[in-house]
Amino acid sequence: MKHKLLTILLTLVATLCLALGLTACNFGSSGNTDNDGSNSEQNGEQTPEHIHTYTVDNVCSDCGAEWKYTEGLEYEFHDKDFFEALKNSDESWKNELEDYPYDLSDGAYYVTSVGSASGDIVIPYGHEGKRVFGVAGRTLRNFDPENKIKTITFSGSVALVDLCYEQIEKIVFDRKSSASGYMMFFGENQSLKEIVLPDHMKVIVNHAFQNCSGLKSITIPDSVTGIGDSAFYNCSGLTSVTIGSSVTSIGDRAFYDCSGLTSIEIPCRCDLDQNSGVHGLRRT
Ligand SMILES: [Zn+2]
């Protein structure tokens, strides 16, 4: 019992640090990626006419389609009290949890490690009858210790994704994902070349992609209303940025030191004059 309490406390502290945008995690070593997975492609096949509604059994309740996920991942369960405590710990979490489209009264799972899984990784919608709420990579700092994963594909039930300091080349979210993903961190991942963000995402949090120097382009979904401070700080490989139509604020130094970026189209609703986030860039 004591151990369990300690674990919850530690997780809360880690989450608080995360919420504050602190970069407390270790610097990951860069390494070779030599593993070639294949099942992420299958999950990308969704017709525009039908948006699957996946259950915790990873099956669409409308058409019976299966979400093919990677076996062998390791999970940690958090009960209702954990999410209540999370909600009270931070205003952002309060917003996220109140908007989370699934019932958390039975608790939910975090993916904590790749475990025995190999190849590219597909995160499930559910695990043992409960939602998969997030990927607590930075909390454990061992999501991909051998740097073998090239691609991670996410289901739509995740809200927390922490892949700071990992060395992953491609991250794909199910575009129809109903969870907004309020807290998503990918910073300090120099291998990251490509990311497809979920359609319901609301904010790009502070430091979300800081120092992701391998990232070549980014399309910010139309659902996103704000881009946080230093969100793309020192993304020197970035040559193309598409900002969605709902963005109304761009944080301080959001695109600072993006030396590969020569122009950026800013939606007219953003007040550039009061914003140093696009320092050195021209409005097109
Ligand atoms: Zn379906």
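Tutor: Gladly! Let us begin with contacts, where two residues count as touching if their C-beta atoms, placed from the backbone, lie within 7 Å. Of the contacts in the protein with a separation of 6 or more, 49% are between residues 24 or more positions apart. One caution: this is a predicted model, so local features need pLDDT of at least 70 and side-chain atom pairs count only at pLDDT 80 or more, while totals for chains, interfaces and linings use all residues. Residues are numbered from 1 along each chain as its sequence is written.

Student: How many helices and strands are there in the protein?

Tutor: There are five helices and 15 strands. Both are DSSP runs numbered from the N terminus: helices are H or I with at least four residues, and strands are E with at least two.

Student: Why is tyrosine 165 called buried, while asparagine 58 is called partly exposed?

Tutor: We count other C-beta atoms, placed from the backbone, within 10 Å of the residue's own: 20 or more means buried, 12 or fewer means exposed, and in between means partly exposed. Tyrosine 165 has 23 of them, so it is buried. Asparagine 58 has 19, so it is partly exposed. In the protein, buried residues make up 43% of the 284 residues.

Student: Where are tyrosine 165 and asparagine 58 found?

Tutor: Tyrosine 165 is in the loop between strand 7 and strand 8, and asparagine 58 is in the loop between helix 2 (40-43) and strand 1 (74-78). Tyrosine 165 has a phi near 65 degrees, a positive value in a residue other than glycine. For asparagine 58, phi is also near 65 degrees, and that residue is not glycine either.

Student: Which residues are in contact with aspartate 222, leaving aside its neighbours within four places in sequence?

Tutor: They are Gly244, Ser245 and Ser246. The C-alpha atoms of aspartate 222 and serine 245 are separated by 5.2 Å, although these residues are 23 residues apart along the chain.

Student: What makes a group of residues a nonpolar core?

Tutor: The members must be buried Ala, Val, Leu, Ile, Met, Phe, Trp, Tyr or Cys residues, joined through C-beta atoms within 7 Å. The largest such core here has 68 residues, and Ile123, Val158, Leu163, Phe186 and Phe232 have the most contacts inside it. Among the strands that each supply at least two residues of this core are strand 2 (108-113), strand 5 (130-136) and strand 9 (183-185). Beyond its neighbours within four places in sequence, valine 158 has contacts that include Ile123, Val132 and Ala179.

Student: Which residues make the contact of helix 3 with helix 4?

Tutor: Helix 3 brings Phe83, Leu86, Lys87 and Ser89, and helix 4 brings Trp93, Lys94 and Leu97.

Student: How do you know that strand 6 and strand 8 pair?

Tutor: Two strands pair if DSSP finds at least two bridges between them. Strand 6 and strand 8 have four bridges, in the parallel sense, and threonine 153 stands opposite valine 172 in strand 8. They belong to an open sheet of four strands in the order 3-6-8-10, with parallel pairing.

Student: Why are strand 3 and strand 10 at the edges?

Tutor: Each of them has a single partner strand, so one side of each is left without a neighbour in the sheet. Strand 3 is joined to strand 6 by two bridges, and strand 8 to strand 10 by three.
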